[in-house]
Every structure is written in structure tokens, then in C-alpha cells.
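Please look over this protein with its charged side chains in mind.

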Amino acid sequence: MTSSGGSGPRRTGRERAAEARRQQAARDRRRKQLVIGGVTVAVIALAVLIGVLVQNNKSTSNKNARNAYGAGQPFAAPSGVNPSPGTASDPGAIVYGKPDAKVTVEVDEDVRCPFCKEAETFFGATNKEYADAGKIQVHYRLVDLIDRNGGGQGSLVGGATLACAADVGQAEFIAYHDLIYKNQPDETNDAYGNVDTMLNLASQVPGLRSATFDECARSGKYAQWIKDNYTWLSKKLGGNVGTPDIYIDGTPFQLKDPTVVPGPQQSADYKAALDAAVAKQG
């Protein structure tokens, strides 16, 4: 009940007490909301912090594993590289083809690189056909670009194991090379960083596996060769390394976006470029 005085309505003691309780309840609700909000923010911040720490630990672990692969091994180049002997400043390329071929195709590639797989799909069969016919010699330089940009060690382990195949023979090398690209995992999947994965693939190539080959792969005998080839390519390209990097007798041949230039057209263009180079050499 309210009463009125000379200056307006006045509240009773009961009403004032009720208003005080209402205001106190409102303050309690706001305090509770602030506490809940603070706890939520703290939980989110902690989750983010844990995620960052896990990612950092994973990154450090990957980097350590990559650094450990081939550590302590002196520089060595696979059999038959060009130029020969390979050195740290020019590690050389693995050669596929006959010695008297007059046209040289240089392929700088990374076994984890999806665009290298596209190039292999469009041009690989032609390279093999022309090299087997003595028309061209293909020089493969393997680098570890994806590892450096995206983490992991698949470029290094996969490439070094492929290099071990060059010691066995050209036929075994090119068969393993083809198999690696046909089975290439997604770029973010570092499956080729596992030596056992690479050896299991190698088992599909007749005559490739042996105790010597397995030891070559597990020891990272050619890990430094891969790293030095990256340095060589980076110097050649002014630090802007991209793969695949393809040259026909020193002239760049660009892999194009297949949504713009379909693969069959690119295959035909590549074959025409090889034919022109062969004709030029007589």
C-alpha cells in the first residue's frame, strides 16, 4: 500500500524492502553471468593454448625426425648422375635414357608434390617412350620442397629412397618412380615419410628390394643429396623454388592448369615440343 504526502507518493517499508531484494537479486544474476562468462573465456583460452602447444610439439617432433634422417651420413650421389661425380654444390641428376640421346629433358620434382604427379600423368609415358627409343635422356633432380613449406619428411625420405633405386638400375628406378606417383598421398599426408611405407611400395618392383637397398633407404644415404639439390635449384631459380620445373634442352616447358588446358592437350603439346627438339638436333 502507498500513502501520499504533500510532495507525492511515498513507499512503505515493505515496498522498500521488496525493491532492495529485487536489486540485490539483479546484482547476483549479473555477478553469476560474469563468473560464467569468465570461466567460458578461460576454458576457450586454455583449449587454444593446448592446441598451440600440441601443434608446436608436433612440429618440433617432425622437424627432429627430419633432421635425424640421414644425419651423420657424408654426401653421396646415386649411381650414374649427371654431372658425374655429383658434388655438394652440384649434386647431379639421376639419368634415365641412352647415353647417345641428343636431347636432354630436365625434371626437377618432389615426390610429395601434387603438380609433379599431374606432370607425371601428362608427360611421364612420353618421357619413357622417347628415352627408351634413344631420342631423349631424362634427368631427374629430386628436392624436398613440400617438407620445407608444409612440414613432415615425406619429400626427403621418399626422394632419398627413390634415389636408392638408381643404384639398382634404370629399369628399377623408372618403375619405382612411376609407382610412387601413382600412389602419391594427399599433399598434407606425410605417408612417404615412413621408410616402411616406401619399402612396401618398392616390394612391387621386381628385383628392387635387397638388403643393400633396404639399408640405403633406412640410413638416409641420399638425404643430403636431396637437400643439396634443393639448394642447387633454389640458386638456379633465384630462391623462388617451384615444382615441377621442366626444361627441354634448356627451354622451360610449363605445366598448365588442367581446368584451362586439358591434360590430353598438354600431353600433345609436350610431345610436339619434344619432336621439335629432336628434329632440331637431327
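## Basis

This is a predicted model, in which local features need pLDDT of at least 70 and side-chain atom pairs count only at pLDDT 80 or more, while totals for chains, interfaces and linings use all residues. Residues are numbered from 1 along each chain as its sequence is written, and side-chain values use heavy atoms, with hydrogens and water left out.

## Overall make-up

The protein has 9 helices and 8 strands. Both are DSSP runs numbered from the N terminus: helices are H or I with at least four residues, strands are E with at least two.

The protein has 282 residues, and 40% of them are buried. Buried means under 20% relative accessible area, exposed means over 50%, and partly exposed lies in between (1.4 Å probe, protein chains only).

Take the contacts with a separation of 6 or more: 74% of them join residues 24 or more positions apart. A contact means heavy atoms within 4.5 Å.

Side chains of opposite charge can pair when their charged atoms come close. The cut-off here is a side-chain nitrogen of Lys or Arg within 4 Å of a carboxyl oxygen of Asp or Glu. The whole structure holds 11 salt bridges.

One of them pairs D147 with R66, with 3.1 Å between the closest N and O atoms. D147 sits in helix α3 (residues 145-150) and R66 in helix α1 (residues 13-68), so this pair ties together parts 81 residues apart in sequence. Both D147 and R66 are buried.

D132 and K128 form a salt bridge, their closest N and O atoms 2.9 Å apart. Both lie in helix α2 (residues 114-132); they are 4 residues apart, so about one helical turn separates them. D132 is partly exposed, at 35% relative accessibility. K128 is partly exposed too, at 32%.

R209 and D214 meet in a salt bridge at 2.6 Å, N to O. R209 counts as partly exposed because its relative accessibility is 32%. D214 is buried, with a relative accessible area of 17%.
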